[in-house]
Amino acid sequence: MRGGVRMSTVMTVRDALNRAIAAEMRRDPRVFIYGIDVADHKRIFGSSRGLVEEFGPDRCFSTPLSEDAMTGFGLGAALNGLRPIHVHMRVDFMILAMNQITNMLASFSYGAGGFKVPIVIRAVVGRGWGQSWQHSKTLHSWFAHVPGLKVVMPARARDARDMMIAAIRDDNPVVCIEHRWLYDVPGEVPDEIDPNALSGCRVVREGTDATVVAVSWMVVEALKAAEVLEKHGVSLEVVDIRSIAPYDGDTVAASVRKTGHAIVADYDWVHCGFGAEVATGIYEQCMGALRSPVTRLGFAEAHCPCTRPLENAYYANAIDIIRAVEKKLDRAEIDLTGEEFYSYEKKFKGPF
Amino acid sequence: MKDATIVNRHSRPGLSSVRPHAVPAVQLHECGPDGDAALQLDLYRKMYLIRAAELLIQKHYPEDEMKTPMHMSMGEEAIVVGICHALKPDDQVLGTYRSHGVYLAKTGETDRFFAEMYGRASGCSGGKAGSMHLFAPQAGLICTSAIVASHIPVAVGAAFANKVAGNGRVVAAFFGDGAIDEGAFWESLNMACLRKLPVLFVCQDNGFAVHTPAAERHGYRDIAAIVGQYDCTVFASDSTDVHALHGLAQDALRAMRKDERPCFLHLKYYRYLEHVGVFEDFNAGYRPRGEFEAWQSVDPLRLQRTRLASMILEEQIRDAEARIERQVQRSLEKAREAPFPEVSALCGGVFA
């Protein structure tokens, strides 16, 4: 509080998204939200809570299981002046809409001489409790590969709020990929909204010895790694990627020039993944400043298995980051006994 | 058939699975007294514009200056003109890669059209889109698309926005019978019927998807009967008489307004030329020349010219034809002299 004016509020990523959408729907009657089970009792992990009650079934509705047509439906509605938000409970379901996304949405403005295509596509990604391989992909590099699409992955509550608002107000298709473990993560959300939230990386922890460039949930893992390493005299800088397209390589390069070491902690398969794009950018901009080759972390080269021991091994985590840093700095392995890392059974204990 | 109206149905049940389409009996619908002459001339002019433009393309395409894959409308003129003329000017349409006819019927202009065929900056998409992707938003042509059925969901979304706006606009989606092989068609039909949206589904059935006849693609007998199970009104016709098709479109639009639900038109015609390109392909062996020759007896332009000859002077018809021929010739010459886009335009318009 300053002079009796509240400067920020603590809320979860779920609430930040929910409030951003509700506020935009209140502000702009052209905004509507739809998708499979958007208006059911579960409300997309609670992120669409209260919307159908406040805005009615014409502006918040569940749809037939027709991901492809419902995406084209959004395009048509957007072309005729509405501002749709299409929601997928899993990004894996969005694969059914790849034709509309890549052949129609992405290229419409180009063909139609800069025509506005204001549509937001929210896709939840997740992990844990035996999701297996059809409920656990991320695929941000697929979408970011195509010109004409903006792709964002907020990891903090403030970014979730600001990026969702900016996405809804943007006149282009924006894909917003949300990790459902982040929904429970609380964070400070300033009262002031960042109107340029759709682009730019953020240094979320300053450090001097190595840079971790983290995507989505990996920001949480990187911060945990930094906390552990700090106790052992290692200072880790953590960069939250936030936006996959457009990608802010300059902020990453500035960090790597400072630390001389880079680890890309992606949340996807490594081969032909976004981490390769980040690594190439680092090589192009910081070759002389690098003291070790860029390390890429991500999913194992397999499909996500159901059983917990294999699933845990499939995903990279804070421990993988710590071990990668030790290798780069040529340090002995820290004894991690007694350190408490995130596990699904214990859920996230925050604060972030 | 419950919830469906099949009118003007000349063909025998089950015929849609038999190739080739039977040539419909010549039956010029009776026109009213003299007052109708203006309408009949308008319909003829619009069809003549399409035919004249395509004959000119046919003549000049071998010069290899129009570097875009041509999917010609010859044979379908009565359908697109009959329907577009029945629509209000601010009603909207979407088409396929075979949409010269739709573009010309909806806009009546040929300068931007020919410039686009020649890839010039003055084309309707600045030369970036070519023959398969035609846009004329000011004239109500939302887009045409080269992925079969991909524009149909866009039509449904556009109709949703029109319904929300309460502007009374109808959206007509033109597509071939190949599109009904695609899931996007069924997903779109379902959504439009579910939400009672003002969509006019226009199936232009030429019996082939590329070169494969319906009999080798359809595991059912009668598309109109199947669509009749949906909550929409169905009309079917194999007429090539533009006056009859115009009347059928008016009936369909009246039914849509009265019942506040979509309408599906199953309309048969004969594709005169090869799937892509400007030539005949009867030597390819998949359809005999005799079919084409038989359909010439019901050529839509010939039928309408015959009708007009009994209503106005031959000289008046020739005058109208000459004006159109001058228009398309001038447009072609202008296009050939127009500059190509600057290379700096390459990345413009990717985003709005």
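User: Taking contact to mean heavy atoms within 4.5 Å, how many residues of domain 2 of chain A are in contact with domain 1 of chain A in this predicted model?

Analyst: In this predicted model, chain A is divided into domain 1, covering 11–190, and domain 2, covering 202–329. On the side of domain 1 of chain A, 29 residues take part in the contact, and on the side of domain 2 of chain A the number is 31.

User: What area is buried between domain 1 of chain A and domain 2 of chain A, and which residues of domain 1 of chain A lose the most area to domain 2 of chain A?

Analyst: The buried area between the two domains of chain A comes to about 2,400 Å², with carbon and sulfur atoms giving 57% of that area. On the side of domain 1 of chain A, 24% of what is buried there comes from three residues together, and those that lose the most area to domain 2 of chain A are Arg127(A), His140(A) and Met153(A).

User: Which residue forms a salt bridge with Asp159(A)?

Analyst: Across the interface of domain 1 of chain A and domain 2 of chain A, one salt bridge is found, alongside a count of ten residue pairs in polar contact between these domains. In the salt bridge of Asp159(A), the closest N and O atoms are 3.0 Å apart, and the partner is Arg242(A).

User: Which elements give two or more residues to the side of domain 1 of chain A that touches domain 2 of chain A?

Analyst: By class, this side of domain 1 of chain A has 14 nonpolar, ten polar and five charged residues. The elements of chain A that give two or more residues to the side touching domain 2 of chain A are helix H6 (140–144), strand S6 (150–152) and helix H7 (157–169).

Definitions and conventions
Residues numbered from 1 in each chain as written. Chains lettered and ligands numbered in written order. Predicted model: local features only at pLDDT ≥ 70, side-chain atom pairs only at ≥ 80, totals over all residues. Heavy atoms only, no water. Domains from an automatic or database assignment. Contact = heavy atoms within 4.5 Å. Buried area = accessible area lost by both parts, 1.4 Å probe. Salt bridge = Lys/Arg side-chain N within 4 Å of Asp/Glu carboxyl O. Polar contact = N/O pair within 3.5 Å; in protein donor to acceptor, adjacent residues only side chain to side chain. Helix = DSSP H or I, 4+ residues; strand = E, 2+ residues; numbered from the N terminus. Nonpolar A, V, L, I, M, F, W, Y, C, P; charged D, E, K, R; others polar.
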